[in-house]
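Hi everyone, thanks for coming. Let me put the structure up, and then we'll walk through a few spots together.

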Amino acid sequence: MSKILILFHSNDGNTGKMADFVAEGAKQIEGAEIRCLSVDDASHEDLTWCDGIALGSPTNYGTVSHQMKMWWDKLPPEGWGKSDGKIGCAFSSGGAWGGGQELTCMTLLTILMNYGFLTFGVTDYVDKQFSPHYGSICAGEPREEKVKESCRRLGRRLAEWVSTLHHGNKHHHPLEQDYDRFKYLG
């Protein structure tokens with residue numbers, strides 16, 4: 001069973017809605033157990049429990065929210081080094097396109113790397129000129145289908161990698177999937 005944690009902070013609900021779509025995507029892979037939790041509800045035990053994590057934060061002044069940063073800052077030191085080899089990815093919502101969401105995703109990935117997570121981006125194009133390369137991003141509420149699909153694909157890819165790398169299920173490797181990964185490329 002692949003254990004997937006979707007950990008997020010949401011100021012006005014938009015990043016939380018993205019988290020729900022990430023969870024939908026992760027559930028597409030058989031054997032995935034999902035916990036979708038706000039930083040207000042999650043604990044260090046949730047981090048210990050998971051094999052993979054999708055980390056989401058609103059973009060506040062071009063970076064992660066202080067609530068997300070504080071959650072990581074307050075982790076107990078005895079957890080340090082115990083996430084080595086777990087899989088991680090990121091997502092972010094901002095007030096407008098070009099508001100720094102990709103920078104926020106890169107910061108979230110950096111946080112995960114510092115805790116030993118192996119991080120990834122998604123090479124797929126989920127719509128014309130739209131790809132979650134550095135993580136799924138959104139401007140405002142995730143209303144457009146391409147944004148929802150980006151979140152789903154991120155969650156699915158996380159579950160695929162966890163199933164493949166942690167549990168040896170080669171049939172879940174992204175290159176073994178039958179969905180069109182590059183329909184919108186070019």
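Let's start here: in which loop does Tyr-61 lie? Tyr-61 sits in the loop between β3 (52–58) and α3 (66–73), where helices are DSSP runs of H or I with at least four residues and strands are E runs of at least two, numbered from the N terminus.

A quick word on what you're looking at. This is a predicted model, in which local features need pLDDT of at least 70 and side-chain atom pairs count only at pLDDT 80 or more, while totals for chains, interfaces and linings use all residues. Residues are numbered from 1 along each chain as its sequence is written, and side-chain values use heavy atoms, leaving out hydrogens and water.

Back to Tyr-61: it has a positive phi of about 55 degrees, although it is not a glycine. With 89% relative accessibility, Tyr-61 counts as exposed (over 50% relative accessible area; buried is under 20%, partly exposed in between, with a 1.4 Å probe and protein chains only).

Now look at Gln-129, in the loop between β5 (118–119) and β6 (136–139). Gln-129 is not a glycine either, and its phi is positive, about 55 degrees. At 71% relative accessibility, Gln-129 is exposed.
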